[in-house]
Amino acid sequence: MSQGKKILLYSTLVFVGGYFLFTGLVEAKGFLAPLLSGIILALVVLPLSRKMEKAGMGRAITSFLSTFLIFLFSLGLMWLISFQVKSFIDDWPEIKETMKPKVEQLRSFVMEQTPLSKEDLYVSGEDGESSFIGAVSDKSGKALGFFSQTFGFFGTYLLVFIYIFFLLNYRNKFKKFIVLLFPDEKKKEIKKVVGKSGTVVQEYLVGTLLLMLFLAIVYSIGLGITGIDNFILVSIIAAFLTLIPVVGNIIGFSLALILGYLTTGETSALIGIIITFSVAQMLENYVLQPFIIGDKVDLHPFFVILAVILGGAIWGIIGMILSIPVMAIITIISLNVPALYPFGFLFSKKAPDKKS
């Protein structure tokens, strides 16, 4: 077979294989997403479980207590968010009236600065009345519908914690299974790779949780002083979105503008939001990230963005959140497996070139 035909054949196989791989991942979201979430969360509470075991407690008990602790934390977070959302829904009629002038200003600006016409910006409702795009008449009904759908996934939510318990309780068995897949001369190296992968992801996730906590406090102080209603809800969501690199900060800032400036209509609120997020970003980039997270995840920024986009395309928000830990594991494995080292060198931002 000629060189050209080989290149064509291999390119076709890679393209077809990649297509079916990503299609399979999309179809398997209901099974893989909770399992992968359980693995990631199990790594977060693994240090606590180990400390309790060193204190003399049995593994089954420590696994249960660690799982129950993260379960209580998630319930507390859900309660806080639901309480704030209820307050927002109750205040929605007043907020809607306050937003009308700003929405009209935005509509006028768009009509003047873009080729869009009045007909493009308005859509007809069921009652025949026109409304501006994005100005939905019954936001509270949509919010309640969203939460009813959320609780429809309660079974999946509980399944994640079942996975966490079993992964913690039988972690040695799973680790040994991976090691047994390889020949004896490779077992020592495989143990090292598995241990390093778990440690890196664990340190990154714990550091990210601490970072989110600090950012939530900074956002709450800044937005609270500014006088933003429901500032706790906005601060929690903005801090949580930090899990999504680059995109998360933009979404958080946009959300603060919508729930802050547009709902109050005051210029002081706009200035306060900009100052709050600017200070928070400076603290995150120059203080919190270097000291809390540092270089625990050795990933090139370009491939971080690609991983987030690909994760979002496959599994949505949960895919964007899980993309960085998964990418970190793939990079560590690639750097320690000679056949895959070129990929590790490509994904890493500081891996040495073995040929140089």
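The side chains of E53 and R171 meet in a salt bridge, with 3.0 Å from N to O. This is a feature of a predicted model, as is everything I shall describe today. The pair links distant parts of the chain: E53 belongs to helix α2, residues 29-54, while R171 belongs to helix α8, residues 171-180.

Is R171 buried or exposed? Its relative accessible area is 14%, and because buried means under 20%, R171 counts as buried.

E53 also has a salt bridge with R59, where the closest N and O atoms are 3.2 Å apart. R59 is partly exposed, at a relative accessible area of 25%.

Let me turn to another pair. K187 forms a salt bridge with D184, and their closest N and O atoms are 2.9 Å apart. Where do these two residues lie? Both are in helix α9, residues 184-226, and they are three residues apart, about one turn of the helix. K187 is partly exposed at 23% relative accessibility, whereas D184 is exposed at 59%. Salt bridges that share partners join E53, R59 and R171 into one network. In total, the structure holds three salt bridges.

I now move to the nonpolar residues. In soluble globular proteins, nonpolar side chains tend to be buried together. In this model, the largest nonpolar core has 33 residues. Which of them touch the most other members? They are I164, L168, L205, I244, I324 and M327. Helices α2, α7 (154-169), α9, α13 (301-315) and α14 each supply at least two residues of this core. Helix α2 gives the most, with seven residues.

I164 deserves a separate word. Leaving aside residues up to four places away in sequence, I164 touches G38, L41, A42, V45, T67 and I70. There is also a second, separate core of 16 residues, which includes A238, A269, F277 and A280.

S323 lies in helix α14, residues 317-336. S323 is buried, with a relative accessible area of 8%. What does S323 touch, not counting residues up to four places away in sequence? The answer is A307 and V308.

Key. Residues numbered from 1 in each chain as written. Predicted model: local features only at pLDDT ≥ 70, side-chain atom pairs only at ≥ 80, totals over all residues. Heavy atoms only, no water. Salt bridge = Lys/Arg side-chain N within 4 Å of Asp/Glu carboxyl O. Buried < 20%, exposed > 50% of the residue type's maximum accessible area, 1.4 Å probe, protein only. Helix = DSSP H or I, 4+ residues; strand = E, 2+ residues; numbered from the N terminus. Contact = heavy atoms within 4.5 Å. Core = buried A, V, L, I, M, F, W, Y, C linked by side-chain atoms within 4.5 Å.
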